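Here is a protein with a ligand, and a short tour to go with it. Have a look around before reading on.

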Amino acid sequence: MNIAVISYSFSGNNDTLAGSVAKELSSEYFQISESKPRTLSTITMDMIFSRIPLVQPSPNLLVKYDLILFFGPIWMGQVTTPLRPYLKHLKTNPNKYGFISISGGADGPNTKVSGELRKRTGADPVVFIDLYIADFISTNPKPTRKATSAYKLDPGDIKQLTSTIVKKLMDVT
Ligand SMILES: Cc1cc2nc3c(=O)[nH]c(=O)nc-3n(C[C@H](O)[C@H](O)[C@H](O)COP(=O)(O)O)c2cc1C
């Protein structure tokens, strides 16, 4: 099966995880880049105005693969906006895809993401894995947004998460 791993990361966690999974699967790996630097302000603007940013590589590359695995953070309860061009492309060019995210989780699970993916692509992902940084931080006291935002996955975390993800992927590959 020809698999592409495509990731976007603002602070590095999703890229590191995606790179590790791609290596484990021996699949092609693409890191999304944008023409303008991403800031907290442009994140907010994308959300308010439902913007779809310009990204590299071109979403047209998706048609070459049997399965596309997207990795990216959750922002304000939604899928990170640089993944939107790819999700939109799938709506007119349906293909099997998976969605994997390591997000903060300080305010609990991101319950609207599955619905958003269905709406943007027209289909459910064949695999959906939502992971939370809060689970790597002591639960007493409850992890704060500040603590989850500052947390960088270490090599041990990446190894553990990669193994969890690859096991789940075995059912669909
Ligand atoms: C603007 C912004 C909004 C965020 N909103 C959420 C959210 O709604 N839910 C959540 O679980 N985490 C949220 N986070 C935390 C990120 O998902 C988390 O820090 C993630 O690990 C970042 O991934 P990255 O390092 O790949 O960019 C938010 C982070 C930022 C910067």
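Glu116 counts as buried, because its relative accessibility is 11%. Here buried means under 20% relative accessible area, exposed means over 50%, and partly exposed is anything in between (1.4 Å probe, protein chains only). Arg120 has a relative accessible area of 24%, so Arg120 is partly exposed. Glu116 and Arg120 sit in helix α4, 4 residues apart, which is about one turn of the helix. Helices (H or I, at least four residues) and strands (E, at least two) are DSSP runs, numbered from the N terminus.

Glu116 and Arg120 form a salt bridge, with their closest N and O atoms 2.7 Å apart. The term covers a side-chain nitrogen of Lys or Arg within 4 Å of a carboxyl oxygen of Asp or Glu. Side chains of opposite charge can pair when their charged atoms come close.

## How to read the numbers

This is a predicted model, where local features need pLDDT of at least 70 and side-chain atom pairs count only at pLDDT 80 or more, while totals for chains, interfaces and linings use all residues. Residues are numbered from 1 along each chain as its sequence is written, and side-chain values use heavy atoms, with hydrogens and water left out.

Another salt bridge is formed by Asp107 and Arg145, whose closest N and O atoms are 2.8 Å apart. Asp107 lies in the loop between β8 (96–103) and α4 (113–121) and Arg145 in helix α5 (residues 145–150), so this pair ties together parts that are 38 residues apart in sequence. Are Asp107 and Arg145 buried or exposed? Both are exposed.

## Around the ligand

Now for the ligand, which is surrounded by 19 residues. The closest are Ser9, Phe10, Ser11, Gly77 and Gly105. To make the list, a residue needs a heavy atom within 4 Å of the molecule.

Some polar contacts (pairs of N or O atoms within 3.5 Å; within protein, one must be able to donate a hydrogen and the other to accept it, and residues adjacent in sequence count only if both atoms are side-chain atoms) are worth a look. An N or O atom in the side chain of Ser9 is 2.4 Å from a ligand oxygen. In the side chain of Asn110, an N or O atom is 2.9 Å from a ligand nitrogen. On its own the ligand exposes 650 Å², and the protein buries 84% of that. Accessible areas come from the Shrake-Rupley method with a 1.4 Å probe; for residues, only the protein chains shown count as cover.

## Aromatic rings

By the ring rule there are 7 aromatic pairs. Rings of Phe, Tyr and Trp (its six-membered ring) pair if their centres lie within 6.5 Å; planes under 30 degrees apart count as stacked, over 60 as edge-to-face and the rest as tilted. Tyr8 and Trp75 make an edge-to-face pair, 5.9 Å centre to centre with 85° between the planes. Tyr8 lies in the loop between β1 (3–7) and α1 (13–25) and Trp75 in strand β6 (residues 74–75), so the pair ties together parts that are 67 residues apart in sequence. Tyr8 counts as buried because its relative accessibility is 5%, and Trp75 is buried with a relative accessible area of 8%.

Phe136 and Tyr151 also form an aromatic pair, this one stacked, at 6.3 Å centre to centre and 25° between the planes. Phe136 is in the loop between β9 (127–132) and α5, and Tyr151 in the loop between α5 and α6 (155–169), 15 residues apart.
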